[in-house]
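Thanks for coming, everyone. Please bring up the model on your screens. I'll start with a helix pair and then move to the sheet.

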Amino acid sequence: MKLIDNWKQAWKLKSVQVGALSAFFYALILFSEQFLNIWVLIPQELKNKIPENIAEWVGILVGVAMVLARLKKQPELHQPLGFVAVTAGHSNSDPGAVNGKYKEAELVRQFRNAVAHYLAAAGISYKTDGAGTINLPLNNAIALAKGASIAIEFHMNAAASKQANGVETIALPKDRVLAQKLSKAVADVLGSRLRGDKGWIDQSQSARGKLGFVNAGGLIVELGFISNDTELAAFNSKYWSAAKAVAQVIIEHEKALK
């Protein structure tokens with residue numbers, strides 16, 4: 001085989017660039033699930049050390065891989081009841097509660113992504129309020145909730161007292177049992193206590209008043225107190241396991257609806 005005379009400069013050719021880009025995305029489609037599984041195994045402490053400019057690109061890559069992993073399973077899906085909505089509280093412009101370098105919006109976004117990963121692996125049809133590092137505002141989450149079979153949004157509580165602790169899910173009375181199961185799934189993994197009625201907070205009894213996401217039929221899971229250093233550390237070290245437990249509750253709930 002004889003190479004072209006200027007083969008060392010071949011990377012400048014549009015045909016080569018397009019071919020390389022196509023090959024990259026084809027490889028990502030083939031190995032998207034393997035990539036996500038490897039990403040899951042990387043400790044959060046190491047992920048936090050990734051430079052911010054690189055972390056943004058990694059977040060985009062993870063988001064694309066999650067979408068591709070989901071698309072690969074689409075032909076096998078049979079979801080007559082629609083889709084599951086999993087969303088993250090606050091947004092890219094609203095950090096929510098803060099404890100040192102940790103922001104609620106970023107933590108719950110990571111949790112949303114982890115739950116979505118396990119739903120995709122189980123072949124469950126789902127929609128999120130963004131992928132990777134994207135966390136869209138509340139109105140997007142509410143729109144998703146209105147069309148979903150079940151809709152779950154993740155938050156973290158905060159309090160002036162560092163001792164305040166526990167997991168709770170705010171929901172309407174019709175979703176009491178599901179709310180209790182979700183709270184227990186998180187609390188069992190993180191070693192937290194259950195607040196309210198075995199983890200369920202009736203919106204009408206909540207000091208937060210009427211919440212738009214709950215009024216739209218959704219459930220809001222408070223994953224613990226970001227202001228409690230012990231709960232925050234447990235969340236950071238075990239949130240993938242907690243997300244897997246939450247995803248299992250969702251999967252079982254969806255199967256029961258069929």
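Helix H6, residues 176–190, packs with helix H8, residues 229–257, at an angle of about 150°. Their axes are 8 Å apart. Axes here are lines fitted to C-alpha atoms, for helices over the stretch in contact, and angles run from 0 to 180 degrees between N-to-C directions. Helices (H or I, at least four residues) and strands (E, at least two) are DSSP runs, numbered from the N terminus. H6 and H8 are therefore roughly antiparallel, the term for angles over 145 degrees.

Who meets whom? In H6, the residues include Leu 182 and Val 186; in H8, they include Phe 235 and Ile 250. Contact means heavy atoms within 4.5 Å.

This is a predicted model, where local features need pLDDT of at least 70, side-chain atom pairs count only at pLDDT 80 or more, and totals for chains, interfaces and linings use all residues. Residues are numbered from 1 along each chain as its sequence is written, and side-chain values use heavy atoms, leaving out hydrogens and water.

Now the sheet. Six strands form an open sheet, ordered E4-E1-E5-E8-E6-E7, with mixed pairing. Strands pair if DSSP finds at least two bridges between them. E4 and E7 stand at the edges with a single partner strand each, so one side of each has no neighbour in the sheet.

E5 and E8 run parallel, joined by five bridges. Phe 154 stands opposite Val 221 in E8. H8 packs on this sheet too, touching E1, E5 and E8.

Methods: Angles under 35 degrees count as roughly parallel, over 145 as roughly antiparallel, 65 to 115 as roughly perpendicular and the rest as oblique.
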